[in-house]
Amino acid sequence: MNTTSTTIPRETARHVLWFFGQDGGYQPGSFTEHLLYALSFADMVNTAKIAEVYPDYAAAMVAAKLDPDGIANLQRIAGAEAPLGCKCGDSAGPFDLQGRCETCTESAA
Ligand SMILES: [Zn+2]
């Protein structure tokens, strides 16, 4: 599973931030809340299975759980800090955790 090249929409970042009680988050619908709950307990095998269907949520949850900069990156995606802009000039997103837009992420893959 490649979680670093998955773009994370602003809404996904906000939902994951909410799940971890971080600034910039807001509560998703009940299905997404349960999806986040499942991901929080998932081992890597089950995370990979969920990522087949929900790659953005899986990548955001892995980042929040395992990456020391994960929460800060999600807050940037969520616009809680200075908004992200890709080096190509795209500022609309979605972005991956390195700040690349979807187009640049796909061309780099
Ligand atoms: Zn770009």
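Predicted model: local features only at pLDDT ≥ 70, side-chain atom pairs only at ≥ 80, totals over all residues.
**Entry 1: α1 against α5**

I started with helix α1, residues 10-19, and helix α5, residues 70-78. I got an angle of about 135 degrees for the pair, with the axes 8 Å apart. Anything over 145 would count as roughly antiparallel, so I logged α1 and α5 as oblique to each other. The handedness of the α1/α5 crossing came out left-handed.

From α1 I have R10, A13, R14, V16 and L17, and from α5 I have L74, Q75, I77 and A78. Sorted by class, the α1/α5 contact holds six nonpolar residues, one polar and two charged.

**Entry 2: how enclosed is α1?**

Which residues of α1 are buried? My list reads T12, A13, R14, H15, V16, L17 and F19. That is seven of the ten residues of α1, so I noted the helix as largely enclosed by the rest of the structure. I also checked what does the covering: over the buried residues of α1 I found, among others, α2 (30-41), α4 (55-66) and α5. After α1 comes G21, and I wrote down its phi as positive, near 70 degrees.

Skipping residues up to four places away in sequence, I have A13 touching I8, A60, L74, I77 and A78.

Then I looked up the largest nonpolar core. It has 24 residues, and the members that touch the most others are A13, V16, A60, M61 and L74. Giving two or more residues each to this core are α1, α2, α4 and α5. I put α4 down for the largest share, eight residues. As background, I reminded myself that nonpolar side chains in soluble globular proteins tend to be buried together.

With its neighbours within four places in sequence left aside, L74 is in contact with A13, V16, L17, A60, A63 and A64.

**Entry 3: α3 against α4**

The contact uses T47, I50 and A51 on the α3 side and P55, A58 and V62 on the α4 side. By class I noted five nonpolar residues, one polar and no charged ones for α3 with α4.

**Entry 4: G85**

Last, a loop residue. Where does G85 lie? I placed G85 in the loop between α5 and α6 (102-108). I found 14 other C-beta atoms within 10 Å of G85, so it goes down as partly exposed. Its contacts, leaving aside neighbours within four places in sequence, are D90 and S91. I also took the C-alpha distance from G85 to L35: they are 50 residues apart in sequence and 28 Å apart in space.

Definitions and conventions. Residues numbered from 1 in each chain as written. Axes fitted to C-alpha atoms, helices over the stretch in contact; angles between N-to-C directions. Helix = DSSP H or I, 4+ residues; strand = E, 2+ residues; numbered from the N terminus. Parallel < 35°, antiparallel > 145°, perpendicular 65-115°, else oblique. Left-handed = near helix turned anticlockwise from the far one by under 90°. Contact = placed C-beta atoms within 7 Å. Nonpolar A, V, L, I, M, F, W, Y, C, P; charged D, E, K, R; others polar. Buried ≥ 20, exposed ≤ 12 C-beta atoms within 10 Å, placed from the backbone. Core = buried A, V, L, I, M, F, W, Y, C linked by C-beta atoms within 7 Å.
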